[in-house]
Amino acid sequence: MSSATRVRALIAKEWSELLHSRLLLATVVGVPLIFVGVASANMLTVAALPPDPTGDPLPAYMLEMCDGLDGIPCVQVYLASMFHLLFLMTPMVIPSTIAAHGVVGEKNAKTLEPLLATPITTAELLLAKTVAPLVPGVLATWFGYAAWMAIAFATMPRPVVAHLLTPPWALAMVFAAPLMAAFSTLIGLMVSSRSTDPRAAQQVAGLGVLPLVGLIFGQLSGLVLVSAPLVIALCACLLVLDAGLWWLATQVFEREAILTRWK
Amino acid sequence: MNAIIAHELTRRFDDRVAVDHLSIEVAPGEVIGFLGPNGAGKTTTVRMLAGLIAPTSGTAEVAGFRIDTQVVHVRARVGLLTETPGLYDTLPAAQNLRLFAHLYGCDDVEGRIRRWLERFGLWERRDDPPGSFSKGMRQKLAIARALLHDPPVLFLDEPTSGLDPEAATVVRDAIASLRNDGRTIFLCTHNLTEAERLCDRVALFKTRLIAVDTPRALRDQLFGRQVAFHVGRADDALLAVLRAVPGVIEVARNDSRLVARIDDPEATNPAAVRALVAAGADVRFVGEVRHSLEEVYHELLGARAGTP
């Protein structure tokens, strides 16, 4: 019997259940829509401001980020960089929410024991439970980001648009987003493996987003400037972290304890 | 080779012993009832034999594979109906089965799904989610799921627990229909009527194995074979007459009946009837006293199961 068949079957089941869960579906669809709405509304509001509303010069770190632009267009570029980071929260939020239900949800629905009684191995089960939330999380991220880019291209001045789709952000969206999704999924799964309540698991797993919040504040204050080397370093760190978390997840997932100690 | 061979199987949870040195053998095609009160360790035993949890000590072979070193092979060859059906309530019935058919690596997945759904009368409801099913239908779907991969050994853990009498009958009929498949069935229950109807042998269990045999043999061992002579007026004289018949071990009077313990009623009854008639008794009819499995259960588990 094929390991890939078992993993595929379980992923298909997870996605079918996702389509039947209003809460999870609302998360997958709602989070990127909200981010697109907030980002677009902010950018359009700033665009409608008078050219020099305060008369004060912009801070040096903003000007450094704008690379030649000043005034409202520079504020737009600065805000856009914040929203880029906001979009990078999507692959953290969605997969962890789905993954948090992954094990404890099955346990509460009493479906875990029949599942564990099959020849599926722990690694196969965890792989399916990791891929299933990760894919919608990454797709939702890319969809949201693409929608926002489309709106930006349609409404922003060309010089601003030129600063939106830059190599660091493209790298972040293509490579860092899936790695971040894997990171939050594995944390969600581990918490779910040791929890008795899906909501509690979701809340604890949500803490995994904190490092990204730190990055947002770093950029807001001008302490961190997102660049291609930074993104590559971030990806490398995430790769190592993900590998470590995968190993940890397989250790934390104790089939016996999950069956016998949870009541 | 036996389908299940357990040798000194023991499972502890911290300081508590759930299963204590269980040794039992179950033949291929046999239906064995595993009887015991709540908390006796029945589910723990099933989980060990189905390869879900490991024993603390002892070992077992199920369908020819060891539960400690060949656990994936064991899981592939047993079907398990858990205490609750554990169905994906939002997914269609057929999709519930499809998932497990793939997990078990079955061929002809759609054919198998159709075969088992038809067998249990659920084919017409294949596109409906089990959340909309009655309890009996849900349990039948869960049994179908346990049978999808044609396992030679089937574990059923309290299959009629929590069902109303009508649903329980539906499920019992479904289990009875499996008897002819030549499959070994390990039926955990505390429903004694169910065990008596469905099982070839029963094992009485409360942390330790108390007794295992056919219901009839257990009754005979415990109560001996008893024959009731309905004589209209059972007095001391007839009691003495019956007691004097060779082969009669013990006689008691019970209203209009004389109840005799006899080792071999087929050989002794004619002489006993002749003696009673000769003594002036109006023998109206003679019948064997049937003790229920419930009496056996209470006698054995009440008297001998003082151990934790």
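In chain B, strand E11 (residues 226-230) has 5 of its 5 residues buried, so the strand is largely enclosed by the rest of the structure. Buried here means under 20% relative accessible area, with exposed over 50% and partly exposed in between (1.4 Å probe, protein chains only). Strands (E, at least two residues) and helices (H or I, at least four) are DSSP runs, numbered from the N terminus.

This is a predicted model: local features need pLDDT of at least 70, side-chain atom pairs count only at pLDDT 80 or more, and totals for chains, interfaces and linings use all residues. Residues are numbered from 1 along each chain as its sequence is written, chains are lettered from A in the order in which they are written, and side-chain values use heavy atoms, leaving out hydrogens and water.

**Exercise 1.** Work out which residues cover each face of E11(B), and which strands pair with E11(B).

*Solution.* 
1. In a regular strand, side chains alternate between the two faces of the sheet.
2. One side of E11(B) holds B:Gln226, B:Ala228 and B:His230, the other B:Val227 and B:Phe229, and all are buried.
3. Now the pairing, which takes at least two DSSP bridges between two strands. E13(B) (residues 257-262) runs antiparallel to E11(B), joined by 5 bridges.
4. E14(B) (residues 285-289) also pairs antiparallel with E11(B), over 5 bridges.
5. Take B:Phe229: its bridge partner is B:Leu258 in E13(B) and B:Val286 in E14(B).

**Exercise 2.** Is B:Arg47 buried or exposed, and which side chain does its own meet in a polar contact?

*Solution.* 
1. Find B:Arg47 in helix H1 (residues 42-49) of chain B.
2. Its relative accessible area is 13%, so B:Arg47 is buried.
3. The side chains of B:Arg47 and A:Glu113 make a polar contact of 2.9 Å. That term means a pair of N or O atoms within 3.5 Å; within protein, one must be able to donate a hydrogen and the other to accept it, and residues adjacent in sequence count only if both atoms are side-chain atoms.
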